[in-house]
Amino acid sequence: MSILLAMVLLLAALAGAGVVLTRDPRSQVFALAANGTVLTLLFFALQAPDVALSELAVGTAATPLLFLVTLAAVRINRQRR
Amino acid sequence: MTPRLRIGLLGLAGLCLLPAIWKVAAALPPFGEPTAQYGPAVNRLGPELRHVSNMVSAVNFDFRGFDTLGEEFMLVCAVTGAAMLLRGARGEDLSARAGRVEGRAVIGRAESTILISRLFGPATLLFGLYMALHATVTPGGGFQGGVVIASGLLLTYLGEGYRGWRQLIGSRVLDAIEGGGALLFALAGFAPMAFGRAYMQNILPLGTFKDVFSGGLMLVENAGVALAVTGGFAMLFLEFMEETRALESESGG
């Protein structure tokens, strides 16, 4: 295993732990996006560019957006009651 | 159960499982040396059999094309379900006011945001299109190209604001693209049957190796996936963004 791969794997473990340990939902969305970026790097380092591209678009753009919008909608709805 | 007891239980369970985990981990093949035969076989035979250089696309659209058809319709079902739940009630009107949280300042978009989004939005859309078109040649394909195009549409939203964005992408168009793409994929499977061949058998001319138009029937299936994924993800984004608008009864006039 190359040094690069070992470093990216370590980074993936840190980023994953970051998502779990973040308590505020809104910060957690960005931790999730960061985790997606690290996973993209990992897949790229493991020579799986197809998976890396999917992860990049779904993990760092699509999923965080859906979560952010959901949080916004919950806040807007909550004050109406 | 107190947290301390729970952590103790976790540690105890971990200790009990440790020998088994160790035994399995020691028997794994070394890192980076898979023992599966399928991948190397596809890499060896694929270029000759199907004239394509991206073996992932060859597996997705040809060797295991039927599996992809199933995934395609799973995506369509998921997006349709989300659209059914979220459509209506709010945000259908292009001029709908943004929902607001009391006591929180509304900050407009910075000019730098608009500039960057207008620079990178079209570039992202173009890159997605490139990726979808070159499915059989370079990494990426219909799915990746589709989600990249949908992300490009998000940049367009950041650049143009909600109203401009809504004027640009029509909900009806997205419906047609999504359903039409899935239909194209399914029909591409049925077409060979009209000539007495098996479902999804690659009967189109395979083209030249490393050419954009290589892969025969794969190109049609890839186009179907690209359309369905673009439409599906864009529709999902649209339905979700509509939820950030104020209810129509509240924004009234």
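**The contact and chain A**

The contact draws 21 residues from chain B and 17 residues from chain A, two residues being in contact if their C-beta atoms, placed from the backbone, lie within 7 Å. On the side of chain B that touches chain A, the elements that give two or more residues are α6 (142-168) and α8 (217-242) of chain B. The largest share of that side, 6 residues, is supplied by α6(B). By residue class, the side of chain B that touches chain A comprises 12 nonpolar, 7 polar and 2 charged residues; Ala, Val, Leu, Ile, Met, Phe, Trp, Tyr, Cys and Pro count as nonpolar, Asp, Glu, Lys and Arg as charged, and the others, Gly among them, as polar.

This is a predicted model, in which local features need pLDDT of at least 70 and side-chain atom pairs count only at pLDDT 80 or more, while totals for chains, interfaces and linings use all residues. Residues are numbered from 1 along each chain as its sequence is written, and chains are lettered from A and ligands numbered from 1 in the order in which they are written.

Chain A contains 3 helices and 0 strands, arranged along the sequence as α-α-α; helices (H or I, at least four residues) and strands (E, at least two) are DSSP runs, numbered from the N terminus.

The C-alpha atoms of chain A fill a box of roughly 55 × 25 × 10 Å along the principal axes. Chain A has a radius of gyration of 15 Å, whereas a compact globule of 81 residues would have one near 12 Å; the radius is taken over C-alpha atoms, and the globule rule is 2.2 Å times the number of residues to the power 0.38.
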